[in-house]
Amino acid sequence: IRALFSVDDRPGIELRKAAVRDFSRSLSDKAFLATSMMGLLNPAFPGQKTFIRSRQRLQDLLFETIRDIRAEPGRHTGLLALMATATREDGSPAFDDEEIADNMITMLIAGHETSALSFGWTVQAVLADPAIHARLAEELAPVDLVANPNAVHTLPYLNAVVKEVLRFWTPVPDVLRV
């Protein structure tokens, strides 16, 4: 919550935690999922009213935090602060409040779990096979990731392992790949 929402006071953290939990619960509600898959977003349908209310609560908290960050830009750190204070070349805000809130909500539901899942499967695959582990260690040994963090993109075996893990254990199985 601190890193994502740029909030560091205990009451603010707890308020946002509760909002995120409510939003997550409403997203996983079977009635909401069934009606959403039919393209229905209407408070009259089961599960939808709870989702709409929890999403609005989370969005309102994001708008409030964005206002606070813009009022005192130097006091906040974290992703939301970076987005709220980002500017274009002409000095105007890089994103409007709604864009920021939508991106933050997307990051909550689509950003971290897929990455964590992919990372976990990769570690499991590498540690399960000593030959893979040894070959990766050999390829990574001469690389100075502090001096050049982008060097990982030039490592053929590492990239092959990651692609193979994603092929076997895709983090989003409903997406069709060609």
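Visitor: Which residues does Phe 5 touch, not counting residues up to four places away in sequence?

Guide: Phe 5 touches Arg 16, Val 20, Leu 58, Leu 62, Thr 65, Leu 80 and Leu 108 on that basis, where contact means heavy atoms within 4.5 Å. The model is a predicted one, in which local features need pLDDT of at least 70 and side-chain atom pairs count only at pLDDT 80 or more, while totals for chains, interfaces and linings use all residues. Residues are numbered from 1 along each chain as its sequence is written, and side-chain values use heavy atoms, with hydrogens and water left out.

Visitor: What makes a set of residues a nonpolar core, and how many residues has the largest?

Guide: A nonpolar core is a set of buried Ala, Val, Leu, Ile, Met, Phe, Trp, Tyr and Cys residues joined through side-chain atoms within 4.5 Å. The largest has 23 residues, and Phe 5, Leu 58, Leu 62, Ile 66, Leu 80, Ile 100 and Met 104 are those with the most contacts inside it. At least two residues of this core come from each of helix 2, helix 4 (48-71), helix 5 (79-85) and helix 6 (97-128). Helix 4 gives the most, with 7 residues. Another core, of 8 residues, lies apart from it and includes Ala 125, Tyr 157, Leu 158 and Val 165.

Visitor: Why is Ser 118 called buried?

Guide: Buried means under 20% relative accessible area (exposed is over 50%, partly exposed in between, with a 1.4 Å probe and protein chains only). Ser 118 has 14% and is therefore buried. Ser 118 is placed in helix 6 and touches Val 165, Leu 166 and Pro 171, not counting residues up to four places away in sequence.

Visitor: Why are helix 2 and helix 4 called roughly antiparallel?

Guide: Their axes cross at roughly 150° and come within 8 Å. Angles over 145 degrees count as roughly antiparallel, under 35 as roughly parallel, 65 to 115 as roughly perpendicular and the rest as oblique. Helix 2 and helix 4 are therefore roughly antiparallel. Their contact has 9 nonpolar, 4 polar and 5 charged residues.

Definitions and conventions. Helix = DSSP H or I, 4+ residues; strand = E, 2+ residues; numbered from the N terminus. Axes fitted to C-alpha atoms, helices over the stretch in contact; angles between N-to-C directions. Nonpolar A, V, L, I, M, F, W, Y, C, P; charged D, E, K, R; others polar.
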